[in-house]
Every structure is written in C-alpha cells, then in structure tokens.
Amino acid sequence: MELHTCAILDNHPVAPETYQLTVHCAAASQTRCGQFADIAIPGKKLRRPLSITDWTDNTLTFTYRVVGEGTDWLSRQHQGELELLTGCGNGFDLTAFSRDILLMGGGIGCAPLLGTARQALAQGLAVKLLLGFGNPEQALFQKELSGLDVEAVYCYDSLGENVAQALVRLGWQDLPFCACGPLPMLRAVCQASQAPGQVSLEARMGCGFGACMGCSVQLKERMARVCKDGPVFHRKEIVWEHLL
Amino acid sequence: MGTLTVNLSGLELSNPVIAASGTYGYGMEYLDFYDVNCIGSFSIKGTTLHPRTGNRQPRIAEYDGGLLNAVGLENPGVEHVVQEIFPRLQKVYRGKVLANVSGFSMEEYCACAQRLDEQDIVGIIELNISCPNVHGGGMAFGMDAACAAELTAAVRRCVKKPLYVKCTPQCPDLVDLCRRVEDAGADGLVLVNTFLGMRLDRHTGKPLLANVTGGVSGSGIFPQALYRVYQVYPHVHIPIIGCGGVSCGSDVIEMLSAGASAVEIGTQNLLDPMCVPKVLRELEDYCREEHIQHITDLIGRAHQ
Ligand SMILES: Cc1cc2nc3c(=O)[nH]c(=O)nc-3n(C[C@H](O)[C@H](O)[C@H](O)COP(=O)(O)OP(=O)(O)OC[C@H]3O[C@@H](n4cnc5c(N)ncnc54)[C@H](O)[C@@H]3O)c2cc1C
Ligand SMILES: Cc1cc2nc3c(=O)[nH]c(=O)nc-3n(C[C@H](O)[C@H](O)[C@H](O)COP(=O)(O)O)c2cc1C
Ligand code: FES
C-alpha cells in the first residue's frame, strides 16, 4: 500500500449517476485486479474505497456511482489532484483458474471486472462475463468489452432477468467464477452455481489498511478484514447468514 | 537522554507518542508506511481472555470531527496474541507495548492481564475499563469508582508490570474515580477513551451503526479530553497518558501542558497513516524553536 497524490486526467459520465475517473499514478503497475484504492475527499474524515476498473503502467481508472456527498464531490472534479491510498486489498486470484473463467457482476459491482477480464485474457483463460443492471441505460463496459476476445452477456431487472437467473438459463453453473455486487446477488449466484468461485465483499471502512477492525466480517472459520484479508474471499468461506 | 524522551513508571520511551489501542492493530499494519520503531510505543488491540467476534457491520461512521466506532472488542483472545502475534511482532518491533486488557468479570480481567504480564514484549498493562461498545463489560467498571478500585486492586495483585487504568469520560466523577484507582494500586492513568454517541442515516432516520451507539473519537473530542487531563492532574500523583483527539504536534504540547506525561493518538492514525512521523517532526521542530531541552519540562505547566 502506498499514499499517492494523483492528477485527475479524466472524469466523465458513462451512465446515469455513474462516472469513470482516470488519474495519473506512478505506481499503478503494481495493481492486481479486484484491488481497490481509498480516495480522500476534502472535508470528509474517511477515504472512499473504489475498486480499480482498469490500469496501465501509470494510470488508474475507477467507475463509480454517485450515492452520497463523497461520490457527488468526486463527480464534479475535472482537474486537480486527488490523494489516494493505492494497492489496497488482496484482489482476485486468477492463478486459481486453469481454462475457463466466468466474471459476474451486479450493478456498480461490475466496476472491477473490466481489468479482471483483461488480466484473465492475458493469462490465456477463456473469459465469459455475465453482467446485470437495473435497466439497459445503466449498462457498463459494452464498448470496451466488444473490443476484447470475451463472451459478454447482459441481463436487466427491468426485462425480468437477474444474474442468477441468467446463469441458469445459459447453463454456466459449472464455470469457475469471480463475482462482485450486492450481497443478495452474490448469495443468489453462489446458490445457483456449483463451481468454485471467489466473491468480492463490501464493508464500511475506517482505515482501509487493516489497523482498526472496522470492516471485519465473520467467515466460516475466522474473522477477516474486508480491507486487508479481502475484499475477495473464496465462496466456501462465506456464511451468508453472518453477512445479510 | 534525548529531548523527546519520557519515562512512564520506569519504562523509557524515545518520545511521548503512543498509538492508541484499536487503531494500530498489532503494530504491523503500519510497516508499509514507516518503520514503526520510531514510535514511543503503542497499545495493542483490546485483548480478552477468550476470542471475540465483535459487533455486526456497520461498525464505523464519521462526523466532521472524526469517527464513531462500534467494533465491540473483536480480538483473537489472549492465547493467540501471545503465541501467534507477539513472536511475529518481535521480529519487526524492538520496543515494549502497552497491553490493553478488557473483560467482563474480575476473574477474566485478572487471567488475561496475568498472561500478558508474563510476556517480554509487554511494558505496561493498560486496563480498559472504558469500552462503550460491549454490554455488561468494559465501561460498566469505569462508571463506578468502587468497582474500578476493586478491579484495579485485583489486577494489581496478579501483575508485576506497571498497571495503567484507561478511563471513560462518561464517568460522572472522574476525579474521584482516578483518586481511588490510584489508592488501589494503579501506576498510571490513561485519560480518556471514547465518548458515547450516535449518527442517524439522513434518508431513513435509522442508526448508521448496527450497534446503534458507538464511541466518538478524533479531533472533535480533543478539547473535552484535554479538560479531563487538566481536571484530574492536580488530584493524583501518578503519570497520566492524555488521549482523545490528538492529531498534531501542538495537540501533544497542549496535552503535556495540561498534565499528561505522554499522549496516545488513535483516530488520526487511521485517517492519516503517516501521522506519527509527522507529529514527531513537529515536536522536534517545536522543541528546537522554543529552546526546550526536555519535553518533560512542559508537563503540567498549565497549572503553574
Ligand atoms: C472494497 C470496496 C470497493 C468499492 N468499489 C466501488 C466502486 O468501484 N464503485 C462504486 O461506485 N462504489 C464502490 N464501493 C462503494 C463506495 O465506497 C461507496 O459508495 C462510497 O464510499 C460512498 O461514499 P459517499 O460519500 O458518496 O456516500 P455516503 O453515504 O456519504 O458515505 C458515508 C460513509 O459510508 C461509506 N459507504 C457508503 N456506501 C458504502 C458502500 N456501499 N460500501 C462501503 N462503504 C460505503 C462511505 O465510504 C463513507 O464512509 C466500494 C466499496 C468497497 C468497500
Ligand atoms: C476503531 C477503534 C477501536 C478502538 N478499540 C479500542 C480498544 O480495543 N481498547 C481501548 O481501550 N480503546 C479502544 N479505542 C479507543 C482509542 O484507543 C482511544 O482511546 C479513543 O479513540 C480516543 O482517542 P482518539 O480520539 O485519538 O482516537 C478504539 C478506538 C477506535 C477509533
Ligand atoms: S477498515 Fe480498518 S481494518 Fe479494515
């Protein structure tokens, strides 16, 4: 983990109430997919955790939804600098996949899956994505994914199909997966799928680097800090009743 | 003896800055940011005899002056701390720690304190009678002077190392409690733990913390914490560690002036992981600019 002052390169809307932010960050190359950064918001005590959507050697890109004062402030910044704590969390472990990988996301939970898809391709995996949104207007990454050698399927609550339902319809329940999204969606896909999988959790955070236990959740056999031991956990470690 | 050196009941610290319990993990979380050996010392996460899973999420909320937390004393239990964590810590940290002990009964406090007292790496036993986030324990002892004194005396009998009692500002008569804790054998005081508070979601009107209430900390409580130190100092003969909202070098100077022999910094470490090195630089600059040879000369000068 490192503290960086990063120049804002771009920050534009990509869907209703949803923005994509790119900053210059010298150490961006150390990123792993599924990790997050903690962004300082002037006038707010806590940094806001945002997943890394994608990165290059010296840029980091985030995709975020405006839900409160912090993300609203962020959406109005088009130049200047941001203070970031980078390299947070464990990220997805792609070494656990040998041939196929299915990336499932719900809503803004899709944010980390673009970089994850790119990394998985670089490792020679066959990549499928199943992305669910409230309605077609909210869909993310359609353009970016169409340029990659992946099979991407979108489903929409407004059209009567959520991610877990689409998973069954497609017959992809045996594909090992990575998933990120709201807890009910994560639970539903874990119930529908028989395959090994990794899920990315969210929690209110204090420090973001493992010092306060503010983000701890109870897993099957241990307590785990979402910020440091996670946010990604193996599905078999999760006891949904402890989280929901 | 360096300018910043302080002495707490025989334990010499290279400077008066101690990281507060619950905000410094077990010392190893800050290694990405700086060499933790620069710190005066740190207090380990509140440890209990048995493991505790703590409260449900969400456990953290913010306000303009800092944080509210309701972690609920999550910790892996004293045996795990002694057998798994201390050996790892000893590889990176050369100093002694304050061992923050919590409990739900006199017996539990004693057994836990005794186990920690046997460890080389422990310099001071910090008796936490002030945790607001667990029911029927912690703060219950800290609200009543007679209970606090009885517990202090009991733990005093089973530990050899200096015993510091960490008090809650919720206590209706803190001066009286501190006096009685001193009479019961405490070697020092830590003033103070968090203030009880809450936040509500502005859309739903419901509590932001699953526990409903939490401990309020951070720069917003500094004046109140400072006042507790100022208030108690003339009435006791044992060292006071000032704690609550300390965020910069000048807060440390104020705490010492009010009567503290050292300070603990909690929340500011979480908000700015580089806080300790910054504060140390500010203290060095201050002493140089003000021609202060020993920072201990500042202790209690508000009362002179
Ligand atoms: C590991 C992780 C990765 C995340 N990645 C993304 C992402 O890529 N894109 C995105 O849009 N959002 C993401 N979030 C959620 C995002 O952090 C919150 O939406 C954001 O902090 C809200 O801040 P605010 O000031 O706008 O809202 P407020 O409601 O004012 O926030 C108040 C407090 O609650 C916290 N908070 C609010 N909502 C959440 C939430 N859902 N999860 C955790 N903390 C929350 C804030 O950090 C802040 O401390 C992620 C959360 C975590 C834990
Ligand atoms: C997240 C968090 C966890 C804490 N856990 C403990 C604890 O386990 N034991 C304890 O005595 N105090 C605990 N505290 C209280 C701090 O040690 C300190 O007394 C208090 O926060 C006031 O100081 P500050 O304003 O500098 O944070 C905790 C505080 C925070 C913010
Ligand atoms: S947010 Fe502090 S330990 Fe995770």
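Q: What is a pocket, and what volume does the second largest pocket have?
A: A pocket is an open set of points on a 1 Å grid over the protein atoms alone, with protein on both sides within 12 Å along at least five of seven lines. Its volume is the space filled by probe spheres set on the points. In this predicted model, the second largest pocket comes to about 580 Å³.

Q: Which residues lie nearest the centre of the second largest pocket?
A: Let's start with the lining, which has 21 residues. Two elements each supply at least two residues to this lining, β14 (223-225) of chain A and α1 (78-92) of chain B. Nearest the centre lie A:M213, A:M223, B:P76, B:H80 and B:I85.

Q: How many residues in the lining of the second largest pocket are charged?
A: Sorting the lining of the second largest pocket by class gives eight nonpolar and four polar residues. The remaining class is the charged one, and its count is nine.

Q: How many cavities of 30 Å³ or more does a search of the whole structure find, and how much space lies in the largest cavity?
A: Rolling a probe the size of a water molecule over the atoms shows where empty space is left. Searching the whole structure in this way turns up one cavity of 30 Å³ or more. The space in the largest cavity is about 480 Å³.

Q: Which element gives the most residues to the lining of the largest cavity?
A: The largest cavity has 34 lining residues, and B:S21, B:T23, B:N69, B:N193 and B:T194 lie nearest its centre. In chain B, β6 (66-69) and α8 (267-271) each supply at least two of the lining residues. The top contributor gives three residues, and that element is α8(B).

Q: How many residues in the lining of the largest cavity are polar?
A: By class, 13 residues of this lining are nonpolar and three are charged. The polar count in the lining of the largest cavity is 18.

Q: Which residue is joined to B:V192 by a cis peptide bond?
A: B:V192, whose backbone has an N or O atom 3.4 Å from an oxygen atom of ligand 2, is found in the loop between β10 (188-191) and β11 (195-197) of chain B. Most peptide bonds are trans. Here omega is about 10°, and the partner in the cis bond is B:L191.

Q: What percentage of the accessible area of ligand 1 does the protein cover?
A: Of the 20 residues around ligand 1, A:P49, A:G70, A:T71, A:E202 and A:R204 come nearest. A polar side-chain atom of A:R48 lies 2.8 Å from an oxygen atom of ligand 1, while a backbone N or O atom of A:G70 lies 2.7 Å from an oxygen atom of this ligand. Of the 820 Å² of accessible area that ligand 1 has on its own, the protein covers 84%.

Q: Which element gives the largest share of the shell around ligand 1?
A: Elements that give two or more residues to this shell are β4 (48-51), β6 (59-65) and α1 (69-75) of chain A. The shell divides into ten nonpolar, five polar and five charged residues. The largest share is four residues, and it comes from β4(A).

Terms used
Residues numbered from 1 in each chain as written. Chains lettered and ligands numbered in written order. Predicted model: local features only at pLDDT ≥ 70, side-chain atom pairs only at ≥ 80, totals over all residues. Heavy atoms only, no water. Polar contact = N/O pair within 3.5 Å; in protein donor to acceptor, adjacent residues only side chain to side chain. 1 Å grid on protein atoms, 1.4 Å probe; cavity = no way out; pocket = protein on both sides within 12 Å on 5 of 7 lines; lining within 4 Å. Nonpolar A, V, L, I, M, F, W, Y, C, P; charged D, E, K, R; others polar. Near = heavy atom within 4 Å. Areas by Shrake-Rupley, 256 points an atom, 1.4 Å probe, with all protein chains shown as cover.
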